[in-house]
Each structure stands twice: as structure tokens, then as C-alpha cells.
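The following questions and answers concern the model displayed below. Please consult the sequence and the coordinates alongside each answer.

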Amino acid sequence: MILDELVTATHNRLERQREKVSLPKLKQEVAKLNATAKLDFLAVLQRPGIHVIAEVKKASPSKGTIVTDFPYLQVARTYEQAGADAISVLTEPDYFKGKLRYLNEISAATSIPTLRKDFTIDPYMVYEAKLNGAAIILLIVAILTDEQLCNLRKLAESLGMQAIVEAYTETEVTRAVRSGAKIIGINNRNLKNFAVDFGHSFKMRSLVPAKIPVIAESGISGPADVKRLAQADFKGVLVGEALMKATNKREMIRAFKEF
Ligand SMILES: O=P(O)(O)OC[C@@H](O)[C@@H](O)c1c[nH]c2ccccc12
């Protein structure tokens, strides 16, 4: 199963990386960071309207290479100028052709929150996210225990970041709520087989109490989808492929925000 493979690959990469830079050394690097103004994505989500997390993604396991030309900094700047509320950056190298360097450069080149989109399984990765400029990390319920979910989120918060807790099944949504998540993402993509069903997030929405903002993720193809989600009380959308493939990204984001 692909999700197991992804987690195993992440474990192995982490072990190699720890030999290069130990956790204490990584923590020291984080401690040296200049305190910058906190980019508060949760506060953004609490404003009226629907908020757009625009994703920078070159490839995915289900789609293979999405775009051959990948001017990631230019794409990120276009997202920001078009009014995106946050930028999601894939950092997983093996299956998504991502890099931490993309996150680092995009965070430096833009002034909206960036999300480290990866399969976070260890505190080490939370410190890496911080060091490379992320304001938000993704925590996928399906690959974490209740204890990890809670501890990784609290670690992110203690470093001035926020966590989007991503769920797919009913049980996962319930676990996300119980873990104390402040932002919940409902994925339309089943990470076990990568099948996407745009209607899925609507079915799960009511499991989350109204006070917790919910983001719909994956398979969002245009402004009509965003409008339906806004009407169903979603506070945000996470859009990757449709934006990466759009020739006019600016226009697409504008239409998302306007609907
Ligand atoms: O490209 P899409 O269908 O718009 O999907 C974006 C985003 O939701 C997707 O990349 C994603 C959602 N959860 C993830 C977890 C890991 C990697 C990727 C993802």
C-alpha cells in the first residue's frame, strides 16, 4: 500500500538525515532563527469568506509528473500576488519530487504563511519545517498515533507554527477533533489508493464542531467547486493540480476568492 511505502521511505530518509545533522544540532539552528512576526493562518481562517491554500507541486504518485516546467518561485509569487492566503509546498522527494529547499526559498520570497506538505512522523521534521520558514505543518491522522498527533501539534505550536490535521475517514475526523486540532483538513483523496471523490468532504463536514475551521483538500477543479464548499461552511480550500496546470493562475485564484 502506497501510504505504508511513503512512511517507510520517510523513516529511512530521516535516519540518514539524522546522521548528517543530529536533532540537538537542528534544534540549535532553530534557536538561532531571528524572531519574525508570526504568520497567523488560524486568524486568517477566522475572517469571513473562503481562504485559498495554493499548492506548489511538481509530481504526485497518482498523476506522475504534473508539470515539466517548474518555476516554483515564480509560481509562488504569482499565487501571493493573486491573493492566495497561504502556499503549500511539497517537500517529499521520492514520490512528489519535492524539496525542503523549495519551502525555504518560497518562504523567503513571499510574505504569506507557507505549509510544509509532507508525511510528518517525527519531531525532527517539525524542526526542519521551522528552520525552512514554514508557518504551518501538515499532520496526517492515518499515519500517527493519538499521542504523536497531539505531541507533534503542540511542538509546532511551541515553535510559533500551526498544524492542519488531515483526516479522511469518519474515525480519523473524530480522532482529529479529539486530539485538540485547531484546524482540520478533510481530504477528498483516499491516501490508501489515491482515488479522489470531490463529494467526500461534504459527507464528513458535520463531524467537526462549528468552532473548528475546516479545509477541503484535493480534487478541487474550479470556482464552482469552491462555491459549493463555501456554502457548506468550509473555511478554506487546498488546491494543487488545477492551479499547477492553469495557464492563468492569477485569474483562477481571483475566481476562487470571488465566486
Ligand atoms: O492536487 P490536488 O488534487 O488539488 O490536491 C492538493 C492536495 O490536497 C494534495 O496534494 C494532498 C492532500 N493531502 C496530501 C498529503 C500528502 C501529499 C499530498 C496531499
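Q: Which residue of E9 is the bridge partner of glycine 185?
A: This is a predicted model, in which local features need pLDDT of at least 70 and side-chain atom pairs count only at pLDDT 80 or more, while totals for chains, interfaces and linings use all residues. Residues are numbered from 1 along each chain as its sequence is written. Strands E8 (residues 183–187) and E9 (residues 214–217) pair in the parallel sense over four bridges; strands (E, at least two residues) and helices (H or I, at least four) are DSSP runs numbered from the N terminus, and pairing requires at least two DSSP bridges. The partner of glycine 185 in E9 is isoleucine 215.

Q: What angle does the direction of helix H8 make with that of E7?
A: Helix H8 (residues 146–158) packs on the sheet and touches strands E6 (136–140) and E7 (162–167), contact being defined by C-beta atoms, placed from the backbone, within 7 Å. Axes are lines fitted to C-alpha atoms, for helices over the stretch in contact, and angles between N-to-C directions run from 0 to 180 degrees. On this basis, the direction of H8 makes with that of E7 an angle of about 150°.

Q: In what order do the eight strands close into a barrel?
A: The pairing throughout this barrel is parallel. From one strand to the next, the twist averages 25°. The order of the eight strands is E1-E4-E5-E6-E7-E8-E9-E10.

Q: Which residue of E10 is the bridge partner of alanine 54?
A: E1 (residues 51–56) has six of its six residues buried, where buried denotes 20 or more other C-beta atoms within 10 Å of the residue's own, exposed 12 or fewer, and partly exposed a count in between, with C-beta atoms placed from the backbone. His51, Ile53 and Glu55 lie on one side of E1, and Val52, Ala54 and Val56 on the other. E1 is joined to E10 by four bridges, and the two run parallel. In E10, alanine 54 is partnered by valine 239.

Q: Which residue of E4 is the bridge partner of isoleucine 53?
A: E1 also pairs with strand E4 (residues 86–90), in the parallel sense and over four bridges. In E4, the partner of isoleucine 53 is alanine 86.

Q: Which residue of E6 stands opposite arginine 116?
A: E5 and E6 are paired in the parallel sense over two bridges. Both faces of E6 are covered, with Ile136, Leu138 and Ile140 buried on one side and Ile137 and Leu139 on the other. Opposite arginine 116 stands isoleucine 137.

Q: Why does leucine 115 count as buried?
A: Leucine 115 is located in strand E5 (residues 114–117). Beyond its neighbours within four places in sequence, its contacts include Ile53, Ile87, Ile136 and Ile164. Leucine 115 is buried because the number of other C-beta atoms within 10 Å is 28.

Q: How many residues does the largest nonpolar core have?
A: A nonpolar core is a set of buried Ala, Val, Leu, Ile, Met, Phe, Trp, Tyr and Cys residues joined through C-beta atoms within 7 Å. In the largest one, the residues with the most contacts inside it are Ile87, Ile136, Ile137, Val165 and Val237. Leaving aside neighbours within four places in sequence, valine 237 touches Ile50, Ile215 and Phe256, among others. The residue count of this core is 72.

Q: Why does phenylalanine 194 count as partly exposed?
A: Phenylalanine 194 is found in the loop between E8 and helix H10 (200–204). Although not a glycine, it has a positive phi of about 65°. Phenylalanine 194 is partly exposed because its count of other C-beta atoms within 10 Å is 14.

Q: What is the phi of aspartate 233?
A: Aspartate 233 is found in the loop between helix H11 (223–231) and E10. With 13 C-beta neighbours inside 10 Å, aspartate 233 counts as partly exposed. Although aspartate 233 is not a glycine, its phi is positive, at about 70°.

Key:
Two residues are in contact if their C-beta atoms, placed from the backbone, lie within 7 Å.
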